[in-house]
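Welcome! Take a moment to look over the chain shown here, and then let us walk through it together.

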Amino acid sequence: MSLLSGAVLGGGGLLIAECYGPTFQGEGPSVGEESLLMRLSRCNLSCPRCDTPQTWDWSRFDPREVSTRHSVEDLAAWVMAHSPRLLVVTGGEPLLQQGELVALVKLLSGRRVEVETNGTVVPLPTLVEAVGAFNVSPKLEAFAAPRDRRINPEALRAFAACGKARFKFVVGDISQLDEVASLVVEFSLTQVWIMPEGTSSAEVIAGQRALAEHVLARGWNLSTRLHTLIWEDEGGR
Ligand code: SF4
């Protein structure tokens, strides 16, 4: 059993930070695709540069004000009432609630679900079967907590072996690409995407330009941050 799997939340229904859309999938292999976004509350990490601290940082936010529990039936009804065929489930760390997440996905007829995860929780076989893809973003040393919290070898190996994972690394500068390469080799990762850090369109464009040739040289893929290019740091888009 994983060190982190004991952190799974219970209580019935899903703890939600926000749901919105239609919008576009803003990052990774499906960028630009019409989608709905469901942000689950709670995280098992506490990355200093996290851009969604309202999902976990109770020193700054009151969880009773920034999260609400909803039944999977109500959430499924919300998804099915909208036209996008893609549902992006993000967080926080969605796999802390993966039992209920499986129940939700099973109610979504004709919809594809992508789950964004930090890659530290071993996915249930039933979740692997139910979702279309995992966008796994292991955190690098400069971004997150010590390695024994941000890297869970058992979970990363499970994602690498499941056949549905794409690995998306948020990179601050090119000096961090060697750390990505080490993880790629150590865990036999395929489908590697590099995405620049940045909360403004100017930062994202500059990051992409700085990274592009280096990412090509390593045989990886480059992701933009479409929401930031279009809407800057405006929330709920
Ligand atoms: S894993 Fe993601 S949601 Fe959790 S603290 Fe880190 S950046 Fe924030």
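What covers the buried residues of α3? The cover includes the strands and helices in this table, with their residue ranges.

| Covering element | Residues |
|---|---|
| β1 | 14-24 |
| β2 | 34-40 |
| α2 | 72-80 |
| β4 | 86-90 |
| β5 | 112-117 |
| α4 | 125-130 |

This is a predicted model, in which local features need pLDDT of at least 70 and side-chain atom pairs count only at pLDDT 80 or more, while totals for chains, interfaces and linings use all residues. Residues are numbered from 1 along each chain as its sequence is written, and side-chain values use heavy atoms, leaving out hydrogens and water.

Helix α3 itself runs over residues 98-106, and its buried residues (under 20% relative accessible area, 1.4 Å probe, protein chains only) are Gln98, Leu101, Val102, Leu104 and Val105. Seen down the axis of α3, these buried residues fall within an arc of 165° (taken from the directions from the helix axis to the C-beta atoms), so they line one face of the helix.

Now for the whole chain. It has 9 helices and 9 strands, which are DSSP runs (H or I, at least four residues, for helices; E, at least two, for strands), numbered from the N terminus. Of its 237 residues, 50% count as buried. Along its principal axes, the C-alpha trace spans about 45 × 40 × 40 Å. Among contacts (heavy atoms within 4.5 Å) between residues at least 6 apart in sequence, 72% join residues at least 24 apart.
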